[in-house]
Each structure stands twice: as structure tokens, then as C-alpha cells.
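Please look over the sequence and the model shown here, and then read the briefing that follows.

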Amino acid sequence: MVLPVPPDHLVIFGRPGSGKSSLAERLGAEFGYDLIRTGEMLRAAIRRHDFLGQRVESHLAKGDLVPDPLIFELLELNLKSPGTDRLLFDGFPRTMGQVPLLEQFEERLNFRIECYLEIAVSHEEAVARMTGRRVCPKCGTTYHLIARPPRVPETCDLDGTRLERRPDDTKEVVEFRQKIYDDYAVPILRHYQEKCPEFYRKVDGNQPLEAVYVEARRALGMDG
Ligand SMILES: [Zn+2]
């Protein structure tokens with residue numbers, strides 16, 4: 001099902017390894033969306049080391065999720081500027097507790113989410129993609145065993161250095177991140193699917209990234 005007109009405000013969902021973030025970047029660049037990324041906002045707050053940043057940091061240092069009220073403050077800080085006419089939420093809402101927060105922002109800032117877009121990738125495919133990533137410790141070039149293999153196995157094309165996994169790409173960490181998605185994000189998807197099926201779009205993310213992009217554009221009504 002294709003949206004009649006491209007949405008001005010949308011939320012994108014996808015498990016780690018779905019390619020969601022690069023898709024969001026591409027849509028943002030080509031269709032003029034401001035990307036709303038709570039992950040980046042959190043990192044920026046920590047760098048500023050203001051009162052908000054210090055509270056964020058103390059939660060993360062304990063290994064806790066950042067509580068929803070803090071996420072709300074953070075978004076309030078970043079969203080209150082006018083001129084935010086096209087917004088693409090990437091990574092928010094992340095918990096069911098954040099769903100009403102988004103509704104509050106919609107009401108207060110007078111916009112409506114017109115599409116909830118899911119990049120649907122199987123658990124197996126996501127894990128295979130994430131554990132297949134390799135990086136050259138010398139020059140930083142990234143490879144992928146399936147999508148972008150080096151010419152010589154496990155060796156950088158540019159300088160011959162032996163490739164490494166990124167530290168957060170171990171099987172345990174990858175599985176943990178998938179579980180977080182299953183526990184926190186999947187209920188949100190179910191919620192929107194039931195509440196507003198007319199705004200819900202699902203794109204098959206188990207394809208090469210380019211094909212996912214083409215399908216997403218079509219589903220969002222951007223081709224006509
Ligand atoms: Zn290299």
C-alpha cells in the first residue's frame with residue numbers, strides 16, 4: 001500500500017542491522033527531513049556536560065536505560081525551535097513509555113505523524129549482517145563479509161592490515177541488542193499497527209540496501 005502523499009512527519013523502525021539509520025539519512029538528505037535521533041542527542045548532552053548531560057551519564061554509567069522523563073526533557077530542548085516542518089524520528093519512541101511522549105509533542109508542537117515505517121528484517125539476517133562487519137584498524141575502512149568483502153579474506157584492500165571486528169559486534173553483544181529490540185520495540189510496532197493501520201507501512205528489509213530504499217520510497221508515496 002502506497003501513501004497518497006509523502007509524509008511530512010514519520011517514524012522509522014528497524015532492528016539493529018536492518019539498515020534503518022542509513023535509510024533515514026538518505027531519506028533525510030533527499031527529501032529534506034530533519035533527523036530526530038535521541039541517541040545523538042544523548043551523546044551531545046554528555047559532551048556538553050550540563051545538568052541534563054550529567055544525569056544522562058549517571059544512568060548510562062550504571063548500565064541503565066535513560067528514563068523516559070529525561071528523554072522528554074532532551075527532546076523538548078531540541079524540538080521547540082520552529083521551522084521543524086519535516087521530521088523523521090529515528091530511534092524514538094524506543095519504549096512503550098515514550099509513545100505518549102510523542103503524542104504530547106504532536107499536540108504541543110502541532111504536527112501529526114503520518115507514517116510509521118518498519119524496515120522488517122529477520123533476526124537471523126540482522127545477526128549475520130552485524131557479525132559480518134569488519135574494520136581496518138589502520139585506515140578505518142569498513143568491510144562486510146557478504147555485502148562488501150575484501151579482495152583477500154580478512155585483509156584491508158588498501159594497506160594489507162588484518163581486519164578486526166568492531167568491539168560491539170561480538171555475537172553476545174549483537175544478540176543482546178536484538179533482544180532489547182524484541183522486548184522494547186516490537187510491542188510499539190504492534191501498538192501502532194493496531195491503533196492506526198492506515199499509517200503503518202512495512203518494507204522488506206531482507207534485500208540489498210538499494211532495493212530497500214526503492215521500496216521505502218514507493219511505500220512513502222515519493223515516486224509519484
Ligand atoms: Zn586499511
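**Briefing on the model**

Glu154 sits in the loop between strand E6 (142-144) and H7, where helices (H or I, at least four residues) and strands (E, at least two) are DSSP runs numbered from the N terminus. This is a predicted model, in which local features need pLDDT of at least 70 and side-chain atom pairs count only at pLDDT 80 or more, while totals for chains, interfaces and linings use all residues. Residues are numbered from 1 along each chain as its sequence is written.

- Most residues other than glycine have a negative phi, and most peptide bonds are trans.
- Glu154 has a positive phi of about 60° although it is not a glycine, and because 13 C-beta neighbours lie inside 10 Å, Glu154 counts as partly exposed.
- The cut-offs are as follows: a residue is buried if 20 or more other C-beta atoms lie within 10 Å of its own, exposed if 12 or fewer, and partly exposed in between, with C-beta atoms placed from the backbone.
- Asn110, in the loop between H5 and E4, is not a glycine either and has a positive phi of about 60°; Asn110 counts as exposed, because 7 C-beta neighbours are inside 10 Å.
- The peptide bond from Phe92 to Pro93 is cis, with omega near -5°, and Pro93 belongs to the loop between E3 and helix H5 (99-109).

- In soluble globular proteins, nonpolar side chains tend to be buried together.
- Leaving aside neighbours within four places in sequence, Phe13 is in contact (C-beta atoms, placed from the backbone, within 7 Å) with Tyr116, Leu117, Glu118, Ile119, Ala185 and Leu189.

**A buried proline**

- Pro16 is found in the loop between E1 and H1, and Pro16 is buried because 20 other C-beta atoms lie within 10 Å.
- When its neighbours within four places in sequence are left aside, Pro16 is in contact with Ala126, Met130, Arg177, Gln178 and Tyr181.
- From C-alpha to C-alpha, Pro16 and Glu118 are 12 Å apart in space, and they are 102 residues apart in sequence.

**Packed helices**

- Two packed helices are described by the angle between their axes and the distance between the axes.
- Axes are lines fitted to C-alpha atoms, for helices over the stretch in contact, and angles run from 0 to 180 degrees between N-to-C directions.
- Helix H1 (residues 20-31) and helix H8 (residues 209-219) pack at an angle of about 55°, with their axes 11 Å apart, and therefore H1 is oblique to H8; angles under 35 degrees count as roughly parallel, over 145 as roughly antiparallel, 65 to 115 as roughly perpendicular and the rest as oblique.
- Ser22, Leu23 and Arg26 of H1 make the contact with Leu209, Val212, Tyr213 and Ala216 of H8.
- H6 and H7 pack at an angle of about 140°, with their axes 10 Å apart, so H6 is oblique to H7.

Technical notes
Contact = placed C-beta atoms within 7 Å.
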